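Here are some notes to read alongside the model. They take a few residues in turn.

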Amino acid sequence: MSCLEAKKPPLFISEPLTKDTVSQSLSLLNGILKSCYGPAGRLKQLHNGVGGYVCTTSQSSAIFSRLSVSHPVLRVLTASVQNHISRFSDCGLFTAILCCSMIENFKSLNIATWTVIKISKHLLSVCMDYLKSEACGCRVSVDFSSLETLLCLVRSVLRSKPACMLNKPEVEHLTALILKAFLFTVPCHVETNAVLGKCVIVPVKGRRVVDSTVLPGLLIETPEIQLAKPLTVKRSCSNMIKMALFCVSLSGDPFSAEEGTITVHHGISVEKSELNRLLNVGKQLVNDEVGLVVCQKVIHPSLKQYLEENHVMAVDRAGLSLMEPLSWMTGSKPIASVHLLSPSCYGSLKDVRIESFASKRFVHLIPNDTVVCSLILCNRNETAWDELKRACETAEHVLQLTIKEPLALLGGGCTETHLASYIRHKSCSLPTSSFKDLDCSRTQYQLVADGFCRSLESVACSLNHDDGEILTDMVYGHCWFVPSGFPSVSNWSDLVSKCGCGINGNTENLNWRLLQGQFGSPIIQGCPKDPTGKVADFLTLDCFAAKCSGLQVALETANMILDLSYVIEDQN
């Protein structure tokens with residue numbers, strides 16, 4: 001008989017944020033994430049304690065999916081950020097760094113937590129109203145009739161991922177490819193409920209990045225196909241290729257135990273019976289003028305040979321991931337049973353070709369209307385390829401979000417410093433009635449607003465990893481980076497040429513100040529101006545939807561953690 005252990009009482013931890021272990025863990029997490037941020041971010045290697053796969057990355061999606069945290073407070077933070085990443089793909093590090101900085105800055109204030117939460121929610125609403133207004137000076141409109149802004153968005157995503165190990169020509173090549181692939185997925189004929197297509201990434205590792213290319217339609221890898229053999233595919237009367245898509249196995253295997261029991265009469269071969277049934281399916285496909293059969297699983301060699309003898313091309317082992325794009329592209333309905341073969345399930349293709357890329361061979365399915373495309377993605381090694389795949393998927397998602405809301409925010413820290421300047425300006429001119437509504441004093445409001453602004457500025461400061469000075473100007477409220485090695489008393493105008501986002505040049509007296517200087521940031525009296533110059537071709541831009549969501553998630557998560565009075569842990 002096993003020994004019974006007495007049940008332990010739960011562990012109650014009051015005011016968890018006052019505990020040194022929590023503060024140290026939050027500070028450590030914040031330091032790790034800050035060191036990853038931006039184009040010059042430092043790489044991290046993540047692996048478990050017993051070896052196995054090592055992930056080299058600076059991307060939030062990879063870091064948070066592999067980062068193991070034990071304290072409940074950190075779990076709340078990482079879960080919130082992961083949920084944001086799953087919905088938007090971008091601005092994960094921005095969200096996490098801003099959240100950690102807000103917790104740190106708000107916790108240091110000698111103000112009741114509920115008062116801090118009320119004021120910070122009001123500040124968030126001021127930010128969101130400004131970002132969504134026409135007067136906003138840190139956002140740009142995205143014109144889909146011109147490619148410049150779209151290219152800037154994609155380029156900004158790729159440049160912020162140093163583990164991809166891309167040089168400038170490679171960034172430009174991939175930027176154009178990703179945008180081309182995205183445009184393939186946009187329907188030509190817009191309907192009421194238009195749905196974007198899909199870009200399927202085809203891996204080719206060990207080749208140059210500039211060998212990457214994009215093709216309309218789908219590529220299915222077929223190692224057994226022979227390039228020298230002429231391709232003859234049956235076409236219908238309309239010169240189209242009729243296609244049947246099977247999601248059920250055509251291997252001819254006997255019934256599995258899960259499908260129940262069958263009674264077999266003496267002298268009857270189950271295998272032969274199954275093969276005859278498959279050949280009957282093949283005869284019906286031939287009679288229906290089907291030219292291409294694609295199966296998610298395996299096709300029996302005899303059935304495959306029969307189809308090929310009748311000029312029907314058979315492709316098996318396509319895999320589950322290609323079923324949905326194949327159905328979209330061809331209009332075919334996946335056939336789930338060989339007993340229910342209806343001509344209404346067939347789709348159509350414009351053409352089928354054989355493609356060879358590196359040492360791989362593919363069947364290239366070319367559709368009538370291109371809503372699905374294949375991005376053949378190359379990189380030098382597996383680590384860099386994995387990181388590049390994540391970056392390309394993020395860039396595609398950013399473009400999808402942008403087509404829904406055609407706006408972008410200035411990157412390079414400029415949106416953060418501009419918002420901080422705007423909040424400082426608005427907090428000075430707030431009427432007395434607002435303090436009564438918030439049930440706080442002007443001093444309390446100003447202190448929370450300063451903590452809010454410092455949190456935003458700390459995100460901008462995280463972009464600098466070389467100990468150089470970081471400036472903001474008093475006219476536009478943008479962020480400027482000074483190279484390391486110059487003293488703080490230098491003439492800043494001689495050391496900077498463009499702001500972080502690239503929209504402003506050093507062409508006027510901008511009245512610089514150090515960001516987060518020793519004596520605190522002075523309040524900007526005037527409202528930061530909207531840049532009047534022409535939008536540059538090489539701006540650093542951020543996804544509007546992702547950054548707005550990140551700002552909201554960061555504050556809401558910080559407020560929830562600040563409001564925690566107890567953590568109750570089960571000890572059993």
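1. First, Leu 17. This residue sits in the loop that runs between β1 (11-14) and α1 (20-36). Keep in mind throughout that the model is predicted.

2. Is Leu 17 buried or exposed? Leu 17 counts as buried, because its relative accessibility is 10% and the cut-off for buried is under 20%.

3. What does Leu 17 touch, once residues up to four places away in sequence are set aside? Its contacts include Val 22, Ser 23 and Leu 26. Val 73, Ile 103 and Lys 107 are also touched by Leu 17.

4. One distance for Leu 17. Ile 85 lies 68 residues apart from Leu 17 along the chain, and their C-alpha atoms are separated by 25 Å.

5. Next, the surface. Phe 12, Tyr 566 and Ile 568 make a nonpolar patch there, of about 370 Å². Tyr 566 belongs to strand β20, which covers residues 566-569. With a relative accessibility of 51%, Tyr 566 counts as exposed, because the exposed class is over 50%.

6. Last, Glu 387. Helix α11 (residues 382-404) holds this residue. Glu 387 counts as buried, because its relative accessibility is 0%.

7. Which residues are in contact with Glu 387, leaving aside neighbours within four places in sequence? Thr 56, Thr 57, Ser 58 and Gln 59 are among them. Ala 163 and Cys 164 are in contact with Glu 387 too.

Conventions:
Residues numbered from 1 in each chain as written. Predicted model: local features only at pLDDT ≥ 70, side-chain atom pairs only at ≥ 80, totals over all residues. Heavy atoms only, no water. Helix = DSSP H or I, 4+ residues; strand = E, 2+ residues; numbered from the N terminus. Buried < 20%, exposed > 50% of the residue type's maximum accessible area, 1.4 Å probe, protein only. Contact = heavy atoms within 4.5 Å. Patch = residues over 30% accessible without salt bridge, like charges linked within 9 Å, V, L, I, M, F, W, Y side chains within 5 Å. Areas by Shrake-Rupley, 256 points an atom, 1.4 Å probe, with all protein chains shown as cover. Salt bridge = Lys/Arg side-chain N within 4 Å of Asp/Glu carboxyl O.
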